[in-house]
Amino acid sequence: MMKLITCICVLVACLAICQGRNCKSPKVNSKVYSTTSSHLSSRTAFVIQWTLDCEDKPMNVPLFSYVDGKQYPVAKSVDGEYYQISWSSEGIVPMKTFVAKFYDEDAYAKKRNWRSDSNLDIEQPTFTISLDHKGNEEALPIKAEKIALVAALLLLYVAYKETSDVKA
């Protein structure tokens, strides 16, 4: 009898934990950032940071994110208040709106199975955040590293020439 009660208690606890990790009626407050200067870097960085409030106040909601069909890991701050994703792209990225789709465990399970299940017409993310990238500034025709190399070589030549004139 004691084993049965223990088993039921463990089962109820597991169900309570599983139910408390999904987000119902999410309220999101986000900050977004993207680099626009391509003068000093050949990559464009994107960052989305947000806070998440759910109706049922679950703790430690695991989230999964997709941007343009690519999955990115969701980082959570130590205090558990903020979430963040980031990614980068090679070269100059034109003006574009990126839509990041976020899924809790239930929505992610549905997303993985939505193609095989004929009852699901479309995938439904838990929430989305838009990042409006304004495009990169035009880069110099010559990279900054090459300009620095030419300046260093010119300085080296002038110093060598001056020391040659002093010795003569």
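## Overall fold

Among contacts in the protein chain between residues at least 6 apart in sequence, 72% join residues at least 24 apart. The model is predicted. The protein chain holds 3 helices and 8 strands. From the N terminus on, these elements run α-β-β-β-β-β-β-β-α-β-α.

The protein chain has 168 residues, and 23% of them count as buried. Its accessible surface comes to about 12,200 Å². Carbon and sulfur atoms account for 61% of that surface.

Helix H2 spans residues 105-113. Its buried residues are Ala107, Tyr108 and Lys111. They cover an arc of only 100° around the axis, so they sit on the same side of H2. The spacing fits a general rule. An α-helix has 3.6 residues a turn, so residues three or four places apart point the same way. The cover over the buried residues of H2 includes strand S3 (64-67), strand S4 (70-72) and strand S7 (96-103).

Lys110 and Arg112 are exposed on the other side of H2. Arg112 counts as exposed because its relative accessible area is 56%, and the cut-off is over 50%. The C-alpha atoms of Arg112 and Glu123 are separated by 9.0 Å. These two residues are 11 apart along the chain.

The N-terminal end of H2 is capped by Asp104. A side-chain oxygen of Asp104 lies 3.3 Å from the backbone nitrogen of Asp106.

## Salt bridges

The structure holds 2 salt bridges. Side chains of opposite charge can pair when their charged atoms come close. Glu90 counts as exposed, at 53% relative accessibility. Arg43 is partly exposed, with a relative accessible area of 37%.

Asp68 and Lys96 form another bridge through their side chains, at 2.8 Å from N to O. Asp68 lies in the loop between S3 and S4, and Lys96 lies in strand S7, so the pair ties together parts that are 28 residues apart in sequence. Both residues are partly exposed: Asp68 at 48% relative accessibility, and Lys96 at 35%. Strands S3, S4 and S7 are also among the elements that cover the buried residues of H2.

## The loop between S1 and S2

Thr35 is found in the loop between strand S1 (27-34) and strand S2 (43-53). Thr35 counts as buried because its relative accessibility is 18%, and buried means under 20%. A polar atom of the Thr35 side chain lies 3.0 Å from the backbone nitrogen of Ala45.

Neighbours within four places in sequence aside, Thr35 is in contact with Arg43, Thr44, Ala45, His133 and Asn136.

## Asp53 in strand S2

Asp53 lies in strand S2. At 42% relative accessibility, Asp53 counts as partly exposed. Not counting residues up to four places away in sequence, Asp53 touches Ser25, Pro26 and Lys27.

The C-alpha atoms of Asp53 and Lys24 are separated by 9.1 Å. Along the chain, Asp53 and Lys24 are 29 residues apart.

## A nonpolar patch on the surface

Leu149, Leu153 and Leu156 make a nonpolar surface patch of about 320 Å². Leu156 has its place in helix H3 (residues 144-167). With 58% relative accessibility, Leu156 counts as exposed, since the cut-off is over 50%.

Terms used: Residues are numbered from 1 along each chain as its sequence is written. This is a predicted model: local features need pLDDT of at least 70, side-chain atom pairs count only at pLDDT 80 or more; totals for chains, interfaces and linings use all residues. Side-chain values use heavy atoms; hydrogens and water are left out. Patches are made of residues with over 30% relative accessible area and no salt bridge: like charges are joined within 9 Å, nonpolar side chains (Val, Leu, Ile, Met, Phe, Trp, Tyr) within 5 Å. Accessible areas come from the Shrake-Rupley method with a 1.4 Å probe; for residues, only the protein chains shown count as cover. A salt bridge is a side-chain nitrogen of Lys or Arg within 4 Å of a carboxyl oxygen of Asp or Glu. Helices (H or I, at least four residues) and strands (E, at least two) are DSSP runs, numbered from the N terminus. Buried means under 20% relative accessible area, exposed over 50%, partly exposed in between (1.4 Å probe, protein chains only). A polar contact is a pair of N or O atoms within 3.5 Å; within protein, one must be able to donate a hydrogen and the other to accept it, and residues adjacent in sequence count only if both atoms are side-chain atoms. Contact means heavy atoms within 4.5 Å. The arc is that of the directions from the helix axis to the C-beta atoms.
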